[in-house]
Amino acid sequence: MKKILIAMAGLAGVVAATSANAGTLEDVRDRGHLNCVVNTGLTGFASPDDAGNWTGFDVEFCRAVAAAVLGDASKVEFVTATGKTRFTKLAAGEGEILSRNTTWTFSRDVDLAQTFIGVNYYDGQAFMVPAALGVSSASELDGASVCIQTGTTTELNLAEYFSSNGMSYEPVPIETNAEARESYLAGRCDVYTTDGSGLAATRATFDAPDAHVILPEIVSKEPLGPVVREGDDNWADIVSWTLKAMMAGEELGITSANAAQLGAQVNDNPEINRLLGVDPLQGAEQAGLSSDWALNILSQVGNYAESFERNLTPLGLSRGMNALARDGGLHYIPPIK
Amino acid sequence: MDFLARIWRHEESRAVVIQILVILAVFGSFGWLISNLVTNFAALNKNFGFDFLSQPAGYDINQTLVEYTNRSSHLRAAFVGLLNTFLVAVFGIILATIMGVILGIIRLSNNWLARNVTYWYIEFTRNVPILLHILLWHGIIINTLPRPKNAYNFGDISFLTNRGFYVPEPIAETGIAAVYLAVVAAIVFAVFFKRHAKKLQAETGRQLPVFGVNLAVLIAVPALAFVVSGSPVSFEYPVLKGFNFKGGMHLLPEFVALTFALAIYTAAFIAENVRAGILAIHKGQREAAEALGLRPGRVMSLVILPQARRVIIPPLTSQYLNLTKNSSLAIAIGYMDLVATLGGITLNQTGREIETMLLVMGMYLIISLSISMAMNWYNSSVKLVDR
Ligand SMILES: N[C@@H](CCC(=O)N[C@@H](CS)C(=O)NCC(=O)O)C(=O)O
């Protein structure tokens, strides 16, 4: 019933809200804070700490947007969503950004009418099993019970992977990562499958992380990134360039430690000058951004590498595909000019 | 102005005016909601339609009462979910009714201990939210029962694990028709024998051992047919293969937990209805029955309960409806009911919130209305007939 109520509330939102598409930036400024839709709790990506403050990679992205548009990274309120409720919540206007390990797919982009503004983490679906099972490859999983989070891309990948390899399995559908963790540890399922990063994050919260192995097979492409509602191009641009600014920060060597200093002087590198507002950046004003938008992001939140190292490195995740293109990864940043 | 004031002062015309205003307001708000929906759909670039139902669902379901693969359509997946909802509702209602009636009767017994234990049981159960019951039972099953490798073994043919209960599956072979026939014949006999005995008792006062004879016939005749036709049933036994048991019948822990939780919770309410129903029968009825020399069990089953039924059935109907609707909490433990399939994964894969929710609501409405109709029919069949 509860879930129905949530869905109904979402529906009511869609039904009752008058078109709230244009003018997202003004709405946020008028309100004084940004609403951001995040996970119900996934260590490293979005989870409340002991004091109730949200922390994590996805959370810091929301803070970066708040820094860019409000000048204050702390002016964010977090709205939680399960895999199933996230798009409804975004569509119903409960948040201006969905920052929740969301895979960019054709149908979500086109059919669900969302706007994906880029990729902040290149991932793929993997399998985790207790080491005691002695399984070393996903091809040995015939007949296993597999825990999956419903409302994600993972359930379709799973069905495809097992049928294309001629294997059978028992799907054990679960609502949130916390419940999946519990069922997996209780042995309701032999395998937990989701994004590799999600597995690493979940494993990090186990009492004995070493007793579980993540199998080498990566069975899908999961480019994860922030999402906004379709229809407000200016807002999409702002969110998109917030991500690029964080990555550019890494590329240009701007960190939370030196951003303020670099922003107060004329630097040799003209791109640094444009990014930090030392020299004018053509278009920022039309977009409704102040000249120190990126300076605020980088001084208050930090660059992409800092956020990654703060949140994801402790989970045992390496940069790999998520390094900058110049370092052999996939993140290639368009020029800031 | 004057004219309007006069209409307003006149009681009847005022009533009409108010009714018109209310109707206008209701339709107006509906119209507003719908026009909003249309604009918002347009703004979100969405269109309304049910085409998605024929597309392949793409996901697997762990309990399917009918043929289903991940290549089946979303409509088929919804049907699988609907049947799963039905299954839980039917078993839940049967269990809850049996438990509720027994508890309700014990609640009024003369035995101090029995009375008080049921009292506390009912109070505790009723006052804990149903979601917690469901999570509790599921938690108990998956955390306390052993994993398949260490399954509780019942004679090598049935196994109890935290992935469910595995029992042999009977498989019909040629010749089974004779057994079916024998069962039907035995039932027909039992019905007629009971009628005959009733008539005999009414006319002569002689009592026949209906229960004993019918039980014997119902068991012996099919058993005989079974032997004569050469045991036309074979069994498929569950065996541990790799990660899980294969073969046999499999009761999922999610199904067991949900059915149990719903039954136990609802039984507490039914018990109170039953108690109220029994207390509503004048004590003179009991005394008169006892004065006739009826034993306590017969007083209950022949005199009290048949009359109490009239009081019990209307609230019982709403308990059945509650149970059925509460079964939508299945999603909390991952039981694949209508809400989890059509209103869950399908909704999410296709993004058709409005369409899927309308369908889910429509189906619940149909189920609820069917239960109401059946119960109303039963209610009117036991109603006092004015003579
Ligand atoms: N990337 C996939 C899966 C995303 C997903 O739901 N991940 C899970 C497991 S890593 C999660 O974040 N769960 C946290 C929660 O339950 O709130 C998608 O977009 O569908």
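Biologist: Which domains is chain A divided into?
Modeller: This is a predicted model, and in it chain A is split into domain 1 (22–122 + 223–316) and domain 2 (125–220). Their centres, taken over C-alpha atoms, are 30 Å apart. The contact takes 17 residues from domain 1 of chain A and 16 residues from domain 2 of chain A.
Biologist: What area is buried between domain 1 and domain 2 of chain A?
Modeller: About 1200 Å², with carbon and sulfur atoms giving 56% of it. On the domain 1 side, Leu42(A), Lys84(A) and Leu315(A) supply 36% of the area buried against domain 2, more than any other three residues.
Biologist: And how many salt bridges are there between those two domains?
Modeller: The rule finds 1 salt bridge across that interface. Lys84(A) pairs with Glu175(A), and their closest N and O atoms are 3.3 Å apart.
Biologist: Switching topic: how many residues of chain A and chain B are in contact?
Modeller: 52 residues of chain A are in contact with 48 residues of chain B. Together the two chains bury about 4200 Å², 56% of it on carbon and sulfur atoms.
Biologist: How many salt bridges and polar contacts does that interface have?
Modeller: There are 2 salt bridges between the chains; one of them joins Arg188(A) to Glu254(B), with the closest N and O atoms 2.8 Å apart. The rule also finds 14 residue pairs in polar contact, both residues at pLDDT 80 or more.
Biologist: Which element gives the largest share of chain A's side?
Modeller: That's H1(A), with 9 residues. By class, the side of chain A that touches chain B has 24 nonpolar, 14 polar and 14 charged residues.

Terms used: Residues numbered from 1 in each chain as written. Chains lettered and ligands numbered in written order. Predicted model: local features only at pLDDT ≥ 70, side-chain atom pairs only at ≥ 80, totals over all residues. Heavy atoms only, no water. Contact = heavy atoms within 4.5 Å. Buried area = accessible area lost by both parts, 1.4 Å probe. Salt bridge = Lys/Arg side-chain N within 4 Å of Asp/Glu carboxyl O. Polar contact = N/O pair within 3.5 Å; in protein donor to acceptor, adjacent residues only side chain to side chain. Helix = DSSP H or I, 4+ residues; strand = E, 2+ residues; numbered from the N terminus. Nonpolar A, V, L, I, M, F, W, Y, C, P; charged D, E, K, R; others polar. Domains from an automatic or database assignment.
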